[in-house]
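Please keep the sequence and the 3D view at hand while reading.

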Amino acid sequence: MSSTSLTYDDEKTRETRTPDSSLQSDIPDGGLHAYLQVVGAHLLFFNSWGIINSFGVYQEYYSTALLSHESASSISWIGTLQGFLLFLIGILTGPVFDRGYFRHLIILGAFLVVFGMLMTSLGTTYYQIILAQGVCVGLGAGCLFVPSVAIVATYFTSKRALMTGFTAAGGSIGGIIYPIVFHKLQPIVGFPWATRIIAFMVLSMLCVSLAIMRTRTAPPPKARALLDLSAFREAPFNIFSLALFLTFIGVYFPFFYASIYGSRVTRLDDDVSFYLLPVLNAGSIFGRIVPGLVADKAGSLNTIIPFAVIAAILEFAWLDITNAPGLWVFSVLYGFFSGAVVTLPSTIITLISPDLSLVGTRMGMSFTFSGLGLLIGNPIAGSILNVQDGKFKPAIAFCAATQMAGAIALIGVRTRLLRSRKGWKA
């Protein structure tokens, strides 16, 4: 799924990395070194959002084996805590990145993610798993997130949307690879070693990122502020933050529960229903790249609104899906349309911010609302479903309704911008 944001790097370039127009003219917009940054950032996304997007396979395993005595809601807290911390820590790591501590963030993030996964492999109780996989991995992913989305824009101009799309696709590809690795290895080598092998894969790929990634410009003399309280006096910012909160309550529910739904409701074999999660993430690859390219032409708000509405409609349609073919089609389509919902918000924050020097600060503030929605959404849904009896409809309806409410709030933002004469391309 996360994630999350295709063009946070856009504002980074405009706000802190390019204090004057001469730096803009020096952007290479290609070349071996620039493309190596895309590869390195792709791997950072692969091992931050990719890990979080893989939690569905752990949700299913914990529900049936290691933590079978815990409720689905309790287990969901582990995965949603990861996503919440990724967003929350981004507020703090943004200024650290601005001050030039790029490599330090990668090293710290790599250590925390790998250490967290290794400690997860040793866990046997709920509190051990939530501390290791929820807190430690979530903090590490937060350290990797900002560098992964911020550096590419300093190397590209005309190709920026495409390159940042490839970067963000790493989260979806990781969400395909890691669940398959765990699913195939766990019956053979057991839960501990399957998780350790994933940790070693993370370590090897992050070493590649550390070796090839370099910042292009010197840090600015002053880092950005953490908060801009004046933003809360602006209606577009408040409505958009509400939209993010509502949308993220419901958007990740299929990524956590589609596999379980497949085995309990459509009676797919467990080995087959597992692949619903990789299929969701596969659809999300294109859902991260294509909308970004469309948004460059039509505007980010004009693009995200229909995608958000369709994603909500698809989740409502899930209520009546009781056969395997329908569930496979739903997974492909939902993965695609939800991809835009979690990758375009950063460009909208840039659009609604009156001062570009405050975009980074406001992005961190808005993403906190995203994180809060992600944090509480699946646990609430998990508390109103019954996995054993295959009763998912109340939870699906709840998540679909919050997504639709978020889409309506996005329309409200668009209406406010029209009134302020921002033009049609917003």
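A residue counts as buried when its relative accessible area is under 20%, and as exposed when that area is over 50%. Ser172 has a relative accessibility of 0%, so Ser172 is buried. The model discussed here is a predicted one.

**The chain as a whole**

The protein chain has 18 helices and 0 strands. Of its 426 residues, 62% are buried. Contacts between residues at least 6 apart in sequence were also examined, and 85% of these join residues at least 24 apart.

**Buried residues**

Ser172 belongs to helix α9. Its side chain makes a polar contact of 3.2 Å with the side chain of Ser284. Neighbours within four places in sequence set aside, Ser172 is in contact with Asn53, Asn281, Ser284, Ile285 and Arg288.

Met213 lies in the loop between α9 and α10, the latter being residues 235-250. Is Met213 buried or exposed? Its relative accessibility is 0%, so Met213 counts as buried. Residues up to four places away in sequence are again left out of its contacts; Met213 touches Gln37, Gly40, Ala41, Leu44, Phe102, Arg103, Ile106 and Ile151. Ala34 is 179 residues from Met213 in sequence, yet their C-alpha atoms are 9.1 Å apart in space.

Helix α16, residues 345-352, is mostly covered, with 7 of its 8 residues buried. The buried residues in α16 are Pro345, Ser346, Thr347, Ile348, Ile349, Thr350 and Ile352.

**Cysteines**

How many disulfides does the structure hold? The number is 0. A disulfide needs two cysteine sulfur atoms within 2.5 Å. For Cys143, the closest cysteine sulfur is that of Cys136, at 9.9 Å, so the two are too far apart for a bond. Cys143 is buried, because its relative accessibility is 6%. Cys399 is buried as well, because its value is 0%.

The table lists the residues whose relative accessibility has been given.

| Residue | Relative accessibility | Class |
|---|---|---|
| Ser172 | 0% | buried |
| Met213 | 0% | buried |
| Cys143 | 6% | buried |
| Cys399 | 0% | buried |

**Empty space**

Rolling a probe the size of a water molecule over the atoms shows where space is left empty. A search of the whole structure finds 3 cavities of 30 Å³ or more.

The largest cavity has a volume of about 60 Å³. Which residues line the largest cavity? They are Ile51, Ser54, Phe55, Tyr58, Gln82, Met117, Gln133, Tyr178 and Ile198. Helices α5 (55-64) and α9 (160-212) each supply at least two residues of this lining. By class, the lining of the largest cavity has 6 nonpolar and 3 polar residues, and no charged ones.

The second largest pocket has a volume of about 260 Å³. Its lining is made of 13 residues, and those nearest the centre of the pocket are Glu60, Tyr61, Thr64, His183 and Gln186. Two or more residues of that lining come from each of α5, α9 and α12 (270-273). The lining of the second largest pocket divides into 6 nonpolar, 3 polar and 4 charged residues.

Terms used. Residues numbered from 1 in each chain as written. Predicted model: local features only at pLDDT ≥ 70, side-chain atom pairs only at ≥ 80, totals over all residues. Heavy atoms only, no water. 1 Å grid on protein atoms, 1.4 Å probe; cavity = no way out; pocket = protein on both sides within 12 Å on 5 of 7 lines; lining within 4 Å. Points joined across faces, edges and corners; volume = space filled by probe spheres on them. Helix = DSSP H or I, 4+ residues; strand = E, 2+ residues; numbered from the N terminus. Nonpolar A, V, L, I, M, F, W, Y, C, P; charged D, E, K, R; others polar. Buried < 20%, exposed > 50% of the residue type's maximum accessible area, 1.4 Å probe, protein only. Polar contact = N/O pair within 3.5 Å; in protein donor to acceptor, adjacent residues only side chain to side chain. Contact = heavy atoms within 4.5 Å.
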